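Reader: I would like to go through the salt bridges of a model. Please show me how to read them.

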Amino acid sequence: MKTLFFRLGSCFAGLALMVTALNINSTCMMYAHQPKLPETAKNFVSSKLKFKKMEGYKMKHRKILSFILSIICLMAMSTTAFAGGRNTDGTINLGADENSATQPTEEQRESSERKAAIARSLPQARSATDINLYGYKQIVGYYCGPAAALTAINHLGGSVASTTKTLNFYIANESNSNCPYPNVTHTHSKSYTSPQITLATSLGTTYNGTGIGNILTVINNRQSSYGYDGAHIDDTVNSSNKSNLGTKLNYALTNDAPPILWVEARLLENYNGANFGGHFICVTAYDSTSETVGVVDVNYYSSIPTYYDESAASIVGAIWCNSTTNTNILW
């Protein structure tokens, strides 16, 4: 919002500059009236000779100033047009903040190593790693973080009270004229009552989404049944990374805790290329024999099922990596 104000301020400043310049360098369009210039504006003109020399350039100056003003205004408008509705790569924003660069802490890395050592000794059968998980669909387009957090917290016995708030579905000041997805059935702005709103406040959720580090903190603060850690999984599809994924999923599920993954949704098999970007999904099951992951998806879009199976290879290939160490799994 601050950036928008700066750009709008620049736009108005440019407009004021252009009006003053045109007032100095040309005669008034109303020939019967020529307004008296302010003393400060008179400083731009020292003599009739200078005025006449400038006369020949007035059209050129007008065009340059108009061009600059147009660019400034377009920059200001673009700030609102793309905040929250669409990601920088053109994909549909579901609520995972692309700019989040949370790294696992040293304590989390040590805890992850201890968990992994235990997980490697656990049975790998699906029956041992399948939990009954209820998924809460996100109430607006950028709330996958609050919805995934609510799904995990409620499953683990935590409680989140509802809050009532009026929300836009995709972007700030949404209307028919600026909605980024007019063909999707939704209400631009309405009042909601939901625990997701309460969590969104704690998570610092904006139109750009939620950072995974905030989800980790809030989930651990909202329940005491299981302590989540953040970790990194590389997105190169190979046996080592699939095994790393399976180890973490198996451990959390054996402890009745749903892992949360940060993925690029359009790369998942069940999305079939649908143009969705960063997204948080929950895991309800893992089968090491078939390398299959049971997913609980909080996406609001009706064509995406809440429950589906995804191959481990697809999950690894879709895992969000904006660095070689960023947190992209909570387990």
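**Salt bridges and burial**

Author: D229 and K115 are both buried, where buried means under 20% relative accessible area, exposed over 50% and partly exposed in between (1.4 Å probe, protein chains only). The model is predicted, so local features need pLDDT of at least 70 and side-chain atom pairs count only at pLDDT 80 or more, while totals for chains, interfaces and linings use all residues. Residues are numbered from 1 along each chain as its sequence is written, and side-chain values use heavy atoms, with hydrogens and water left out.

Reader: What do D229 and K115 form?

Author: A salt bridge is a side-chain nitrogen of Lys or Arg within 4 Å of a carboxyl oxygen of Asp or Glu. D229 and K115 form one, with the closest N and O atoms 3.0 Å apart. This pair links distant parts of the chain, 114 residues apart: K115 is in helix α5, D229 in the loop between α8 (212-222) and β3 (230-231). Helices (H or I, at least four residues) and strands (E, at least two) are DSSP runs, numbered from the N terminus.

Reader: How many salt bridges are there by this rule?

Author: Four. Another of them joins the side chains of K242 and E291, at 3.1 Å from N to O. K242 belongs to helix α9 (residues 239-254) and E291 to the loop between β5 (278-287) and β6 (292-297), 49 residues apart.

Reader: Is K242 buried or exposed?

Author: K242 counts as buried because its relative accessibility is 18%. E291, at 32%, is partly exposed.

Reader: Where do R109 and E106 lie?

Author: Both are in helix α5 (residues 106-119), three residues apart, about one turn of the helix.
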